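Biologist: I am new to this structure. Can you walk me through how to read it?

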Amino acid sequence: MPSSPFRSAAAWLIFAVVLAPLVALWLPSERGFRSPAAQVQSPKSNSAAAPSAAGKNEQAPAGVSWRTLCASLLVSAGAATLAVVIGGSAAAVLSLTDLPGRSFWATAFAIPFLAPSTVWALGQSYCYGAGGLIERILGDAWRPWWSRIDQGGYLGVALVLGEIYAPLALVLIGRGMAGFEQAGFESARLYLSPAKLVWWTAGAVRQELAASFLLAFALALGNFTVPNVLQCRLYPIEIYLRLTNYLDRTGAVRAATPLLAACLLATALVVLAERKRAYASATTAPALPPIELGRKAWLVGAALAIYLTLSCAAPLAAMIWQCRSVGDFMAALRDAAPETDNTLRVALATAALAAAAAGVTSAWLTERKRAFGPLLAMIPLSLPALILGLAYARFYNRDWPIDLARLGDTKALVVIGLAAHSWPFATRVLVSGRRRAASEWLEAASLAPLGRLARWRWIVGPLFADHFAAAALLAFVLATGEVEISQLLCAPGDGTLALRLFTFLHFGPTHVSASLAVLQLAITVLPVVAYWLFTNRSLRII
Amino acid sequence: MKLALTALFVAALALPAIAGCDASAARDEVIVYVAVDRGDAEPILRRFEEQSGVRVRAVYDAEAAKTTGLVTRLLAESDHPRCDVFWNNELVQTLLLAQRGALDAYRPASADDLPDDFKAADGRWTAVAQRARVIVYNAEHVPADQAPQSIFDLTKPEWRGKAAIANPQFGATRAHVAALFAVLGEERAKKWLSDLRANDIRIVDGNAMVKNLVGKATPGASPIYVGLTDTDDVESGLAEGRPLAMVYPDQDELGTLLMPSTVALVRGAPHPEAARKLIDYLTSRDVGTALTAGNSGYLPVREGAVAAKLKLPPRRMQVPLDKWFDELEPSSLWTQEHFQP
């Protein structure tokens, strides 16, 4: 389609709306802020109103905790490696072989990423943690041994993060494998030993392997909820504690800077690794004649089933077991009714906003050949949500000529923050759809003697409807379980389910936390299952 | 295309506004920041909603940032207050807000029968109930006669690597450390903290985590058998069936620290009338009775409260309020530097 100045302007406007608040992180601020995040700068009244014994003790920000940062970098690298190994293996099986039920397996594999990470970590804790389901069944004889090899809980966090981000690696690497040239792959299969074939395959998708490692690394590095649930002192926790402690007013931003730099570097490298490659949006239909597994199909299927049982089914069973009884579960659901209602409203608005913004930016990005555009579109994806929320809280709570802080009394601010966070995912889905669509259709659409709405109704809409649905679904699912942005931007009394779980997590009754987790899981997974049933194109979720 | 894009964009921008309409629709409402555990506070606030017809919009805090997170928020908002009422689970950080001019005076009539120790002379805070700082231990692994009886016992070799405490930057532990600075003196309090550190005490996010670790103690794997926490956390652990027991520490000399849960009117509250109604309600005898009669772990502040589940410790730590408050930030700054997890 011909380039449109209007589309370009709209895309730049969206970039500006999404990215401008990030600048607020480092802006000097004499004016009062109104958010919890705002404590990092000095509101006038705090010091002016009361020169005090307390006030005199305010101190310079504490330095960066390099030890914790190094631990976070190592844990994230471990998690990313694990995600690539699991996701890459699954991608090979699902993209290159004739394993029966690939669509089902692929959808099941996506669940750890789509489920809220708080819920996921909680499920693992109920299953494998102290006093958990496995301990009840097998006893606790193995626990001292595990404690010796996992001092500090880093290994546990790396395992859970690896599970969560393996689906991303699956779709990225799967897309690369689906693009193999038939002649080359057939030759490799004929002439290479199995070990060398694996090596050859890895070499052929090295860009995707690098991209998925870096993406998983960046996301794991910024993940706050998993270390919070598993009580492991990693860097996002450090930032959170500084953010919530007025004694260290500028510490949070200062502490966030190295994390931000690492995430942005990883993102830039992802964009570089993905140059001239299609965005991942793997399909269930292999592009190549599939490798026939024959009897080995049972073996491969069993391996997948064992992995999914250990990582998904057992933790889910443990979560349900912790709900105690149907009566307790229903009582917890009744108490959470306002938050459930609010979560659905916020998530639906987020999905609409993110998909609409992604519709504009994806059209613009499809026309661009330089890496700058994709980099801009990827930044909010790799930014730790805690930092993104902090930036938005500070930006919208400044004293602007128009009182933007009023947005903070409505759901609008949290919707904007969540949409900004999920917009890059939605953009990737739509860019992928546009690049896969035959250009003749789009050219025909632009030349057709139809009005604009009719053109959308009859050509463009049907062409991209499933991608729009997938983009909106992804944004909806990500918004329902989000904690970090929500806790900073939600209006008082307008908390979400994820926030309710967050405030009940450690001191609330276990059955209440478990019930909330099951409810959240249902809200996120059921739309995915519905999408899968209606479209039967599971891997196009991402 | 342009038209469709424009329509889509405008619709998308309008959606959040539509979604947000209901948030500001209610006129008779009160915004309350609550540091009391959500499970204890929420039913009380819901009863107030039912009785008064005032919509309560509550912000609860998370375990890791206990109390300090909300105090930080209130301080940050003090130029443009959004909150009407602060319901704290301790006293000293309420004093900090009062001292910084973030609170207004209000003397609820319902608190007339409260002893003077439980309400500010200038009306800037009123107590609802109180909690005690206790030593919690795992009753399956620690016989009652071997449980530590003093906070100083936790520095002894037999508890090396077997005790836990919450991060003293936050919550009741912050108030406890400040009280120790005030009562013991700076040097002795620092030595106690340093000795705890040297004894490999586990520092965790929040008192509930202390209770969780002690309740799930496993020899060899997670041998945290004792810890410092609050009565409400112990009671919640007991309600879950954890093998916990508690000791009111230092009954022979120092005494056990009691911390009143306080409620205060925020200066410049956007809904002052509703805020006063809520404060009247929270400081009423009925709420005090309801809070202390159940499994909340709260102790009464009114004399003659017979329905309370927990009894007051015979010997209480005597902490002068002004000294306690003066030590809040020096002690926090010291622990920030020397007592990090």
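Predicted model: local features only at pLDDT ≥ 70, side-chain atom pairs only at ≥ 80, totals over all residues.

Biologist: How many helices and strands does chain B have?

Modeller: Chain B has twelve helices and ten strands.

Biologist: What does the radius of gyration of chain B tell me?

Modeller: Compare it with a rule for globules. A compact globule of 341 residues would have a radius of gyration near 20 Å, and chain B has 22 Å, which agrees. Its C-alpha trace spans about 75 × 60 × 40 Å along the principal axes. Of the 341 residues in chain B, 58% are buried.

Biologist: Which domains is chain B divided into?

Modeller: Domain 1 takes 28–130 + 259–311, and domain 2 takes 131–257 + 328–338. Their centres, taken over C-alpha atoms, are 26 Å apart.

Biologist: How many residues of each domain of chain B are in contact with the other?

Modeller: 21 residues of domain 1 contact 23 residues of domain 2 in chain B. On the domain 1 side, α4 (92–99) and β10 (258–266) of chain B each supply at least two residues. That side divides into eight nonpolar, eight polar and five charged residues.

Biologist: Now chain A. Why is helix α18 of chain A largely enclosed by the rest of the structure?

Modeller: Count neighbours: a residue is buried if 20 or more other C-beta atoms lie within 10 Å of its own. In α18 (residues 372–382) of chain A, eight of the eleven residues are buried, so this helix is largely enclosed. Among the buried ones are Gly373(A), Met378(A) and Leu381(A).

Conventions:
Residues numbered from 1 in each chain as written. Chains lettered and ligands numbered in written order. Buried ≥ 20, exposed ≤ 12 C-beta atoms within 10 Å, placed from the backbone. Helix = DSSP H or I, 4+ residues; strand = E, 2+ residues; numbered from the N terminus. Domains from an automatic or database assignment. Contact = placed C-beta atoms within 7 Å. Nonpolar A, V, L, I, M, F, W, Y, C, P; charged D, E, K, R; others polar. Rg over C-alpha atoms; globule rule 2.2 N^0.38 Å.
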